[in-house]
Amino acid sequence: MKPTEPGVAAYIARWRPSSVPPQAAAFARGVIGQVAPEGKERAKNLLWAAGKLAGFGIGLGLDAVPEVLLHPSVAERFTRCAPGLSAVARRTLRTNLRFIGRRVVPQLYPQDMPLPRERAKEPCSPAEIAGFLALADAQPARQRRMRAAGLVCLGAGAGLIRGDLRDVRGSDVACRSGGVVVTVRGTRPRTVPVLARYHAPLLAAARSAGHGLVICGTDPGGGT
């Protein structure tokens with residue numbers, strides 16, 4: 001940890017506000033001196049947070065030592081119970097106290113364990129897509145063939161998933177500027193272009209659906 005700048009160190013040593021008890025101010029000066037904040041404004045904010053925490057803890061009879069007052073459970077209780085603070089001020093106070101704790105009593109603030117990242121799955125190959133379309137075309141009923149083909153085309157050709165995929169109607173698929181687009185409604189309305197190889201089967205599925213849903217069965221709006 002780098003040493004505190006002389007001007008900042010002098011400011012910390014002089015810090016004796018009337019808003020916190022002398023013992024709480026002394027605690028704040030001691031711990032913030034170890035933190036070595038950059039600049040007087042940063043030091044002021046951290047001193048205020050540590051001083052208020054110390055005043056709270058001392059009032060409860062806790063020992064004015066970092067291992068006690070900067071314990072995560074004490075700091076969390078203080079940020080939740082401190083009176084007269086807005087939600088924004090509470091979040092700032094919690095952030096500052098965690099910053100102080102990680103530098104003064106790091107043994108009480110272990111490093112966050114990294115969460116595993118899921119890698120995106122490899123996209124389907126053209127042969128696999130052709131197989132899906134062949135399976136769609138092999139369905140025994142025309143409506144099932146159209147819906148299965150629409151599912152493949154909207155997913156692989158337009159990249160739609162979940163509700164966006166389920167809610168597409170035949171009237172949402174249109175030819176425009178030499179291509180085919182899908183109008184997506186709902187919470188993220190947008191217009192999505194469709195890859196060229198999926199134009200013909202998707203248009204056929206859209207014509208079959210009309211104003212009804214392209215891939216779903218019973219339409220909750222009343223159609224099929």
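Q: How far is the sulfur of Cys153 from the closest cysteine sulfur?
A: A disulfide is a covalent bond between the sulfur atoms of two cysteines. Here the sulfur of Cys153 lies 13 Å from the closest cysteine sulfur, in Cys124, too far for a bond, given that a disulfide is a pair of cysteine sulfur atoms within 2.5 Å. This is a predicted model, in which local features need pLDDT of at least 70, side-chain atom pairs count only at pLDDT 80 or more, and totals for chains, interfaces and linings use all residues. Residues are numbered from 1 along each chain as its sequence is written, and side-chain values use heavy atoms, with hydrogens and water left out.

Q: How many disulfides does a search of the whole structure find?
A: The search finds zero disulfides.

Q: Is Cys153 buried or exposed?
A: Cys153 is buried, with a relative accessible area of 0%, whereas Cys124 is partly exposed, at 42% (buried means under 20% relative accessible area, exposed over 50%, partly exposed in between, with a 1.4 Å probe and protein chains only).

Q: At what angle do the axes of helix H5 and helix H6 cross?
A: Two packed helices are described by the angle between their axes and the distance between the axes. The axes of H5 (residues 72-81) and H6 (residues 87-104) cross at roughly 165 degrees and come within 9 Å. H5 is therefore roughly antiparallel to H6 (angles over 145 degrees, on a scale from 0 to 180 between N-to-C directions).

Note on methods
Helices (H or I, at least four residues) and strands (E, at least two) are DSSP runs, numbered from the N terminus. Angles under 35 degrees count as roughly parallel, over 145 as roughly antiparallel, 65 to 115 as roughly perpendicular and the rest as oblique.
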